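Please look at the sequence and the 3D structure together before reading on. The paragraphs below go from the chain as a whole to one particular link within it.

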Amino acid sequence: MKIKMMRIVCGFSVLMAAFSSYATTLQSGVYEGLLLAVSPTGNITGYYSESAEDSVKRTCTFFLTGHVSAQQPDTITSWSSSVLAGHIAANTAGVTLTIPDGQNHAGCMNVLMPEIATGLELERTRQTQWQTLMTVSSPRAYLSSTPDAATRRKAWIVKGDVVGVIQTQAGWAEVEFVARSGKTTHGWVNSNDVQPLTPPAS
């Protein structure tokens with residue numbers, strides 16, 4: 001009986017350790033104002049957007065890139081009008097984003113919570129299969145139902161929009177666009193209409 005109980009306890013400990021490891025691994029998804037993509041090779045791309053409105057509407061937006069390392073938190077580079085270093089780490093509810101000078105990103109001083117400097121916790125609201133994030137580089141990127149121009153729909157996304165890329169195939173990218181309302185638009189776009197998130201040269 002004693003041996004059986006020990007086996008149960010050991011099995012439970014292994015299960016909890018596995019669950020803890022899974023729960024604290026960075027995963028692609030929507031984390032409140034943060035869109036995050038983590039590729040199978042560990043590349044991290046992100047886009048943060050938040051607005052505040054009283055007499056004047058202010059918007060805080062910035063991009064980030066990095067790579068999953070053996071030890072968390074993972075180092076990231078974030079940029080808008082300036083390039084700032086920071087960290088991101090998974091937690092049981094979502095992620096913790098830390099950028100010591102994060103409020104200095106364009107438009108963020110009176111929008112972004114001051115906790116960004118020491119660790120802003122963002123809850124995951126949706127899990128995704130994004131491999132990376134890209135921006136639309138054409139004035140209009142028309143969405144197709146399949147990777148074929150013959151299935152082009154009337155829907156499109158515009159230059160500057162950020163999309164999550166699920167997969168690429170023969171000059172096409174399967175993407176999801178998440179509007180500010182939370183509504184998601186899905187389809188295929190020509191790969192020439194999107195470009196990777198790349199930090200400005202220092």
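Helices (H or I, at least four residues) and strands (E, at least two) are DSSP runs, numbered from the N terminus. The model is a predicted one, in which local features need pLDDT of at least 70 and side-chain atom pairs count only at pLDDT 80 or more, while totals for chains, interfaces and linings use all residues. Residues are numbered from 1 along each chain as its sequence is written, and side-chain values use heavy atoms, with hydrogens and water left out.

Of the 202 residues in the protein chain, 39% are buried, a word that stands for under 20% relative accessible area (1.4 Å probe, protein chains only). If one takes the contacts (heavy atoms within 4.5 Å) between residues at least 6 apart in sequence, 49% of them join residues at least 24 apart.

The structure also holds one disulfide, that is, a pair of cysteine sulfur atoms within 2.5 Å. Cys 60 and Cys 108 form this disulfide, and their sulfur atoms lie 2.0 Å apart. Distant parts of the chain are linked by the pair, since Cys 60 belongs to strand E4 (residues 57–67) and Cys 108 to the loop between strand E7 (94–98) and strand E8 (120–127), 48 residues apart. The disulfide is right-handed because the torsion about the S-S bond of Cys 60 and Cys 108 is about 80°. Cys 60 counts as buried because its relative accessibility is 0%, and Cys 108, with a relative accessible area of 0%, is buried too.

Technical notes:
Buried < 20%, exposed > 50% of the residue type's maximum accessible area, 1.4 Å probe, protein only.
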